[in-house]
Amino acid sequence: YYIHNDNPDVNINFDLELNREVQAVFLQSWYVTVIPALEACIHADDGQSTTTHKMPATSSLGWQCLSFDPIPGCCNKERYVDFINAPARYIQIRLRGGRSSYNNRWGLRQVAIRGIDDWHPTASPSVSPSVKPSLGPSSVPSSSPSTSSPTKQPSNVPSAWPSVSPSTEPSALPTTLYPTKYPSHSPSASLTRSLNPTVMPTQAPTTWGGLEQLGTFDVTLANASDNWASGYPNKPKANIIQSGSEYYIHNDNPDVNINFDLELNREVQAVFLQSWYVTVIPALEACIHADDGQSTTTHKMPATSSLGWQCLSFDPIPGCCNKERYVDFINAPARYIQIRLRGGRSSYNNRWGLRQVAIKGF
C-alpha cells in the first residue's frame, strides 16, 4: 500500500462495531520505508451507532496508546505492540513522518490485529490512557542503522508477507498471511516441565536484554565430533551479546549452539536474536532448563536428552537482511539457555552469522 512522500502523516482507523478483546497490533513496512514515530491507540465502545464509523475525538480521555519502535528504513520492518487483552471497539494506527528514498513513496505491507471476537471483563487493561496522542509533528530524523537494538515489545511474528516489490528489492519471501505471537510448532512432547514460574523475582526486569550479560556463555558446534572451519570463528564471542556487532561462522559449520549458564535460576521472559546480513537459518529454537544443582564453576549444559529442557521455535530466517526473531517464555525459571541454530549459511563470502543475542527477564 503506497503513500506519496508529500503525505507523511497518516491514520489507519478501524471500527470493530462493538468491544472486542484486543491483544496486540502488528504492522510491516514496505521496502525502504522510514517512519520515525508510530503508535497504536485503542478506545472502548462509546455508544455510537454502528453505521456511523466515526473515530472518537483525538482529545478523548478514552484513548490508550502504545508506541511502536521507529522504522529506520530497509527492509520490510515488522513492529508489534501488546495490549494484553484490553477492550476496544476502535483501533487507530498513527503514522508520523513517513517517507522513503524509492520512487518518492512510502508504504505498508500489512496491518493485523490479534484478539478475541468478544470481550469478557475478567482483567483490567495493562496500559494507562494517554490524555492526548503522544506523537508530535512530522519531524523526520535520519535513518538509524540496521543494527539497532531489538524492539521493546518482543514477539515472534513472521518475517515474510505478501510481496509487491520494486525490481531492486531483495527477492520475495514465502507468504504467511497472519502474524502469530506464538511459535510455529509446539515444544517437544517429551518436555513435560511446566512453564509456570517457581522463582520469585528479586530485581526489576532487565531492559532489552540483560540476562545474557550474567554468568558465562560459549558457542559450540552441535555435533561435538565436528571441527570448526579453518580460521573460524574469526570474531570474539563477546560480539554476540553486543548490539551492532558481528559474529561470523563458516558455511561448512551450519549447526551451532549458543550456551548460556546464568549460574542460578532467573525468570526468563523472552529470547531475541538478530541475524547478520543475508544469513539463512531454516531451523532455530531457544531452549531453557532450570538449575540442576551443578557447581557454578562447571558451566556444562544439561544433556540434550534431559526432560528438563523446554524449547520454543523461532520463525525461520529466510535471508536478507538482518532479521530479528523473538520467542516468549512468559516468566519461566531457568539457569541454562541454549539457542540451537540449524542449517546456517549465506551467499556472501562463504560465511553466515549473527549480530546480537539478548535475553529479557529478572
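Strands here are DSSP runs of E, at least two residues in length, numbered from the N terminus. In this predicted model, strand 7 gives the most to the lining of the largest pocket, with five residues.

Start with that pocket. Its volume is about 360 Å³. The lining of the largest pocket comprises 19 residues. Thr220, Asn257, Asn259, Met301 and Gln338 lie nearest the centre. Strand 7 (216-221), strand 9 (256-275) and strand 12 (324-342) each supply at least two lining residues. By class, the lining has seven nonpolar, seven polar and five charged residues.

Now turn to the cysteines. The model has four disulfides. In sequence order, the bonded cysteines pair 1-2, 3-4, 5-6, 7-8.

Cys41 and Cys65 are buried.

Another disulfide joins Cys287 to Cys311, S to S 2.1 Å. Cys287 lies in strand 10 (residues 283-289) and Cys311 in strand 11 (residues 310-313), distant parts of the chain 24 residues apart. This link is right-handed, with 110 degrees about the S-S bond. Cys287 counts as buried because its relative accessibility is 0%. Cys311, at 9%, is also buried.

Cys320 and Cys321 form a disulfide too, with sulfur atoms 1.6 Å apart. Its torsion is about -75 degrees, so the bond is left-handed. Buried means under 20% relative accessible area. Cys320, at 21%, is therefore partly exposed. Cys321, at 15%, counts as buried.

Key: Residues are numbered from 1 along each chain as its sequence is written. This is a predicted model: local features need pLDDT of at least 70, side-chain atom pairs count only at pLDDT 80 or more; totals for chains, interfaces and linings use all residues. Side-chain values use heavy atoms; hydrogens and water are left out. On a 1 Å grid over the protein atoms alone, a cavity is a set of points where a 1.4 Å probe fits but cannot get out, and a pocket is an open set with protein on both sides within 12 Å along at least five of seven lines; lining residues have an atom within 4 Å of a point. Grid points are joined across faces, edges and corners, and a volume is the space filled by probe spheres set on the points. Helices (H or I, at least four residues) and strands (E, at least two) are DSSP runs, numbered from the N terminus. Ala, Val, Leu, Ile, Met, Phe, Trp, Tyr, Cys and Pro count as nonpolar, Asp, Glu, Lys and Arg as charged, and the others, Gly among them, as polar. A disulfide is a pair of cysteine sulfur atoms within 2.5 Å. Buried means under 20% relative accessible area, exposed over 50%, partly exposed in between (1.4 Å probe, protein chains only).
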